[in-house]
Amino acid sequence: MAIETPPPSSSTPAVLRAYAAPIFIFALSMFFQLFLLPRSFPTSHYDVLGVKMYGSVDDVREAYAAIASKWDSDSGGGRPADFIKIQYAYELLTNPIWKRDYDVYGIDESVHIIDELEKQYAVEEFSKIKLPLLEVVSYEPEREGLATITSQDFASKFQDSRPWLIQVYSSGSDSSALFSTAWRRIVDLLDGVANHAMVELGDIRLVTYLAEKKTTGQVFFRKGLPSIVAFPSHCKTADCLVRFEGELSTDAVTDWFATTVLELPRVFYHTKETLVPKFLSKVPPNKVRVILFSQTGERATPSVRQAAKDYWNFASLTYVLWREEDASFWWNALEVESAPAMVIMKDPGLKPVVYHGSGNRTWFLDILEQNKQLQLPQLRSTTSMELGCDARGYSRAGFETATWYCAVLVGRQSTELNKMRETMCRIQDALSNHDASDEASKDPSVAPAASAHKNKRLTLAWLDGEVQSKYCFFYVQSETSYDTCGTRKSPIDVPRILIIRYHRNATESANAEKEKSSNWPKTVWQSEVDDVDPAAQLVVSYDGPAETSEIIKWLSKMVEDGDSKNLPFYRAKTPELVPESAEPMRSGVPKSVKATQALLRLWNRIKDYLADPRMGPTLLLGALLSAGSVWWTRSRSIQQPVQATQQSSTNQSDNNAEEEKKKERNRERRRRNAKGEEAPASITDNEPKDAVQILSSGSDSD
């Protein structure tokens, strides 16, 4: 039996629930049309004067003259507020530049003057208002030496891969003129880092390309003038330009450009309390520490941040705000007298290098280039070839040098290691300052090492025995090697000085190259020989006192013996240096700031749609379509129960007829059973009454 669906209720609450969505959309369209849209399109200055939109200057003057004739000072019938609006509209629309900016881009940067004057002259007659209301501005950046760009030379300017910072301005804009000082400062800070230019609003083609677009297609500047846009490196179209949306200032624009466009790392400020725990102790031991003292506390310039990025593998930079009350502390700690100053801290125990005064970008980069290396370099995976401390490479003296040396200080990071690094720096200074021409300096215990160091056949370096544990254990093979190499298992740290003699045999190198180029299959023995390093190595560990003179004598003895004696040629496979984990570079915009900017762009987009005059009719059309859909759905649901009832009645009649037929057949069967007669098996079993057989003419029967 079919289940009938009850028809929808026709009561008022049920109808309201069914039409809730259309009613809501209709109310929203009315709210948008009656309240939001008028605010988005206030009365124009043309409406104030009674002139058609985008009317000519002559039309404006005629309309103003007609209104002025009614505002005779003797009549005293005018309101100051009305006069202020009329006078403002007249002055704005009769200035060609202001009228162009208002008609094309909707720019009206002095509109706040109307409210200010209305409050000032609320109780006075309009005849006392000082005229003119607006001050004419003529801003020409070309006279100030600032670069400008037009649509004709725009494509030719974008030939290199450097980023661009562009300011869109108006020659009649007071805000653009006031921003000129800050823009000159920004240009100076970006010197050597990025290109810069200015675009005047009169170049409508280029300005339209750079401006924002409303949903209606109209160009506009959300933040007014001046407007700042940037093209990142290798960006050639407006699809990838970045728009500045903050408050206009030198610090804000330069920080935004360096962070968002150039993606440069930040250089943070520290105080005397946080300098050691937050900076000096966090810098990796292979990097130089650079401290910049500032008097103003302004953020790092783009050139400084670019240098921090370029020298990231060599140096770490930070700022300190100079305070007069801390002057004695900085003098005692770093010998800094005043700011601005630049302090470079290299190896432990060495005196910091201090530069007082401020210089240009070239001066700053030259100092960094001169001091980017530690005095005693660290043996790392990235420096082994450069230092000549790799059996797979060559000497710093050149490819032709057959024998060279590398004196390596090995140990874990500790106070003992820092003391020995200081000793090794003194040794390096002594060898560098040794003058072989001086009769007093001709010491046979120093000359061999000093000569090898001068000729770049002797290199001094240090190695982190904990990070490079395999490399360290390969050279320090003794019972106490765990005091020097590997993870610290006891409070004992014993740094060691090793000297490694590298030697290349020209004959064997030539044979090795010949065997490599041979097409014949190699034997097992040949494969093992090819697996070793090309240079032979001999290692000697220093076991004497940690005195500079004694270590120098030992180094000279090792160099002299290595050069004069016929030592064994032993080659082995040296473990590879492990790549050290580099300090992460925190550059670009943080994720939280990116999320905030994305939400702001979404909100601005929503506001653009709310200001679109097409939204009201669109919502009204949506309300009508929704109401029609609800009506159609409800009418269909009412017709379906009626059709279901008719179908049920038809099915019931068919069922009754079938039941009657079944009952008739049952009664017939019972009657036959009562007479004891069985139903014939077939209709042909019994002959009908009065049946006669007729023989055909062609029958074979008698």
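Colleague: Where is the place of histidine 234?

Modeller: Histidine 234 is in the loop between strand E5 (227–231) and strand E6 (242–243). Bear in mind that this is a predicted model.

Colleague: What makes histidine 234 worth a remark, given its phi?

Modeller: Its phi is positive, about 70°, although histidine 234 is not a glycine. Most residues other than glycine have a negative phi.

Colleague: Where are proline 132 and proline 340 found?

Modeller: Proline 132 sits in the loop between H7 and helix H8 (154–157). Proline 340 belongs to the loop between helix H15 (327–334) and E10.

Colleague: E10 is a strand of which sheet?

Modeller: An open sheet of 5 strands, in the order E7-E9-E8-E10-E11, with mixed pairing.

Colleague: Why are E7 and E11 called edge strands?

Modeller: Strand E7 (269–270) and strand E11 (353–356) each pair on one side only.

Colleague: How do you know that E10 and E11 pair?

Modeller: Pairing needs at least two bridges. E10 (residues 341–345) and E11 have 4, in the antiparallel sense. So the two strands count as paired. Within E11, histidine 356 is the bridge partner of alanine 341.

Colleague: Which helix lies across this part of the sheet?

Modeller: Helix H16 (residues 361–370) lies across strand E8 (288–294), strand E9 (315–321), E10 and E11.

Colleague: Why are H5 and H6 called roughly perpendicular?

Modeller: The class covers 65 to 115 degrees. The axes of helix H5 (residues 80–94) and helix H6 (residues 96–105) cross at roughly 100°. H5 and H6 are therefore roughly perpendicular to each other. Their axes come within 5 Å.

Colleague: Which residues meet where H5 contacts H6?

Modeller: Glu91, Leu92, Leu93 and Thr94 in H5 meet Pro96, Trp98, Lys99 and Tyr102 in H6. By class, this contact has 5 nonpolar, 1 polar and 2 charged residues.

Colleague: How many cavities of 30 Å³ or more are there?

Modeller: The count is 2.

Colleague: What makes the lining of the second largest cavity nonpolar?

Modeller: Its lining has 10 nonpolar, no polar and no charged residues. Leu379, Val408 and Ile500 are among them. Tyr471 and Cys472 also line this cavity, and Tyr and Cys count as nonpolar. H20 gives the largest share, 3 residues.

Colleague: What classes make up the lining of the largest cavity?

Modeller: There are 6 nonpolar, 3 polar and 5 charged residues. Of its 14 lining residues, Asp390, Arg392, Tyr471, Thr574 and Pro575 lie nearest the centre.

Colleague: How much space lies in the largest pocket, and which residues are closest to its centre?

Modeller: About 1400 Å³. Of the 38 lining residues, Ser40, Phe41, Pro42, Gly106 and Lys214 are the closest to its centre. The lining divides into 15 nonpolar, 10 polar and 13 charged residues.

Colleague: Which helices each supply at least two residues of that lining?

Modeller: Helix H2 (20–40), helix H3 (45–49), H6, helix H7 (112–120) and helix H24 (591–610).

Conventions:
Residues are numbered from 1 along each chain as its sequence is written. This is a predicted model: local features need pLDDT of at least 70, side-chain atom pairs count only at pLDDT 80 or more; totals for chains, interfaces and linings use all residues. Side-chain values use heavy atoms; hydrogens and water are left out. Contact means heavy atoms within 4.5 Å. Axes are lines fitted to C-alpha atoms, for helices over the stretch in contact, and angles run from 0 to 180 degrees between N-to-C directions. On a 1 Å grid over the protein atoms alone, a cavity is a set of points where a 1.4 Å probe fits but cannot get out, and a pocket is an open set with protein on both sides within 12 Å along at least five of seven lines; lining residues have an atom within 4 Å of a point. Grid points are joined across faces, edges and corners, and a volume is the space filled by probe spheres set on the points. Angles under 35 degrees count as roughly parallel, over 145 as roughly antiparallel, 65 to 115 as roughly perpendicular and the rest as oblique.
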